Every structure is written in C-alpha cells, then in structure tokens.
Amino acid sequence: MFRIFFATDVHGSDLCWKKFIAGAKFYEANALVLGGDMTGKAVIPMVRGARGETRVELMDQVHVLKDEAAVQAMETTIANKGYYPVRLDEDQLADLRQHPERIDALFTERVILRVREWLAYAETKLAGTSVRCYVCPGNDDAFAIDPLLKESERVCLGEGQVLAIEEQVSMISTGWANRTPWHTDRELDEPDLGAKIEAMATELPSTTGWVFNLHCPPHKSGLDDAPELDADMRPKYAGHILAAVGSTAVRAAIEKYQPQVSLHGHIHEGRGTSKIGRTICINPGSTYESGNLLGAVVDFKGAKLADHRLTSG
C-alpha cells in the first residue's frame, strides 16, 4: 500500500504547515503533497509607541501589548493565521505609508524568510525517513519562492513535471489557474492552461497509476462552487448565491485521461469529493486562518486506487 497525504491552500499558516509535515507520521503516509497557495497574503504591522506599548490591528480588532512576552505571543498568533508580523516604530510606519513600493518589497522579504524556515523544518522533521514532500505553488504564490523549492533536498517542486512518486504511481502538477477577478500571479486563459496540462499528461507512463495534482478544480464538479460576486467584488446575498468557477480545461483533461485520482484546491469552500467518469476528484478545502488543517488521505495498491478519505485536524 502506498499512501499520500494531501493538503492545500495553507496560505502562510505556520501551524498548518507544521501539521502538514506531521501528517507523514500521523497518517502513516509515504508521500506528502501540498496542492498550492503556500504563502500568506499580508504583513501585519506591530507598532511600538513612545511609551513602550505595541499596538496591533488583527482581524479588525486592536490589541495593545504591554510587554515582550505579549508581543511574542501575538507574533505566534499572527504567523499561525498565515500573516507576517513586522515590528516597526511609528517613524518606520509613516515612512512605509509614504513609499508603498517598500511595502511590496517587505512583503516579499517576509514570504521568502518563512518559506526558508518551512523548508528547514521539513528537512529536520522528515530526516531519517523515506517520505518525500511535493509542493506546487498556486496562483496566489509569487515566483520568488520557486528557486527556494528547487534548492531543497527533501521538498520537491512539482510544477510542470511528470514525477514517479512511487514505482507504480506517477503524478503531474500545476498550480496555475484559469482567470480570476483578482489577477493573481499564475493565471492563464483556458486554452493555455489546457495546453500546459496536456504537455504533461501525454508523458505519463501507461504502466502506472496516475495522480493529477491540479490546483484549480474542474468546472461544474461541485468542488468549484464559490460565492458569486457583484460589480464591487462582494458576495451577492451574503454569499448564499454560488457559481461554478472551476476550470473547463482541467475538466476536459480529466475526462480525456481518466486518472485514478485528481487533487484540487483553490476554492476553499469546495470541500468534498466527486466523480468524473472513473476519476475520483478531491478538494479538501481550507480553513487555514483557524489553524485547522483540512486534507485527504489517498491509498494506492500497486497502480490502482484502493481508498480515499477527507481528514481534518
């Protein structure tokens, strides 16, 4: 039996990454696969005032921290929610507001720092095991992290590759998505996304089982339902109106090649499983800000899919 533990959309959460790596032991997995959107979305200023107190606004709540222990505890909280804490004084904050381009540079710096820390953590925790970890940056991930992943010995960059993750199991991966309203880093028109998947799929060996690790879920699969947005990018009717926003190219590739299993993310609300022909499609969803890691366990017996189940913890 060959077991994969799959998770996705951890968006910078320190706690979720640590749980993901711990999944190798907890679920007795032979391989770890992270489906995309590895990095966080924002820096959180921690501003030290003239009287020595530190002021932080997090999740629309203002916190006034009186001592170093409280500051360190808040840094941990921020990191576990997927954001990047940055200690500043009031002059430094004012300077950043006057020079917004420096905020982008600071954000990229902190993203790279955390990814380096995560790779070192994986190397330490997986040392002495045969477990391999495969990561595929998603549409929200900056290209600056790709060179770091290429340098890692234990964590393998899966983007655009056909990988033999076990003697009888092969995997293709891409974190690119179809177009979104947010114009993120890795987006393509459907024909181009289809061509990217096709280039990998045609190289899959016919003698192995196949895993499609495609960040974007297939269109109208039930795994791609997200709140429909109005012209101001706000959910219509408090998010009660849903629309299928998955990729038609991803669906076409699954229909054509019929892998044993396809693993997806991207749509955090799309937790579940569905079938397209003979293929089991899985989106474990994401609740990264809570620190709860949603995932999936997938078992192969030889080249055949033996079992699968969603996980939470």
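Here is a short walk through the structure, from a helix to a sheet and then to a pocket. Keep in mind that this is a predicted model.

Let's begin with helix α4, which covers residues 100-126. Some of α4 is tucked away from the surface: its buried residues are Leu-106, Val-111, Arg-114, Val-115, Trp-118, Leu-119, Ala-122 and Leu-126. Just after α4 comes Gly-128, which takes a positive phi of about 80°.

Further along is helix α5, residues 146-151, and Lys-150 has its place there. Lys-150 has a relative accessible area of 64%, and because exposed means over 50%, Lys-150 counts as exposed. If you look from Lys-150 to Lys-256, you move 106 residues along the chain, and their C-alpha atoms are separated by 31 Å.

Inside the order, β13 (residues 209-214) and β16 (residues 261-263) run parallel, joined by 3 bridges. Phe-212 stands opposite Ser-262 in β16.

Finally, look for the largest pocket, with a volume of about 620 Å³. It is lined by 24 residues, and Pro-181, Trp-182, Ala-226, His-266 and Ile-267 lie nearest its centre. By class, the lining has 11 nonpolar, 7 polar and 6 charged residues.

Definitions and conventions: Residues are numbered from 1 along each chain as its sequence is written. This is a predicted model: local features need pLDDT of at least 70, side-chain atom pairs count only at pLDDT 80 or more; totals for chains, interfaces and linings use all residues. Side-chain values use heavy atoms; hydrogens and water are left out. On a 1 Å grid over the protein atoms alone, a cavity is a set of points where a 1.4 Å probe fits but cannot get out, and a pocket is an open set with protein on both sides within 12 Å along at least five of seven lines; lining residues have an atom within 4 Å of a point. Grid points are joined across faces, edges and corners, and a volume is the space filled by probe spheres set on the points. Ala, Val, Leu, Ile, Met, Phe, Trp, Tyr, Cys and Pro count as nonpolar, Asp, Glu, Lys and Arg as charged, and the others, Gly among them, as polar. Helices (H or I, at least four residues) and strands (E, at least two) are DSSP runs, numbered from the N terminus. Buried means under 20% relative accessible area, exposed over 50%, partly exposed in between (1.4 Å probe, protein chains only). The expected span of a helix is 1.5 Å times one less than its number of residues. Two strands pair if DSSP finds at least two bridges between them.
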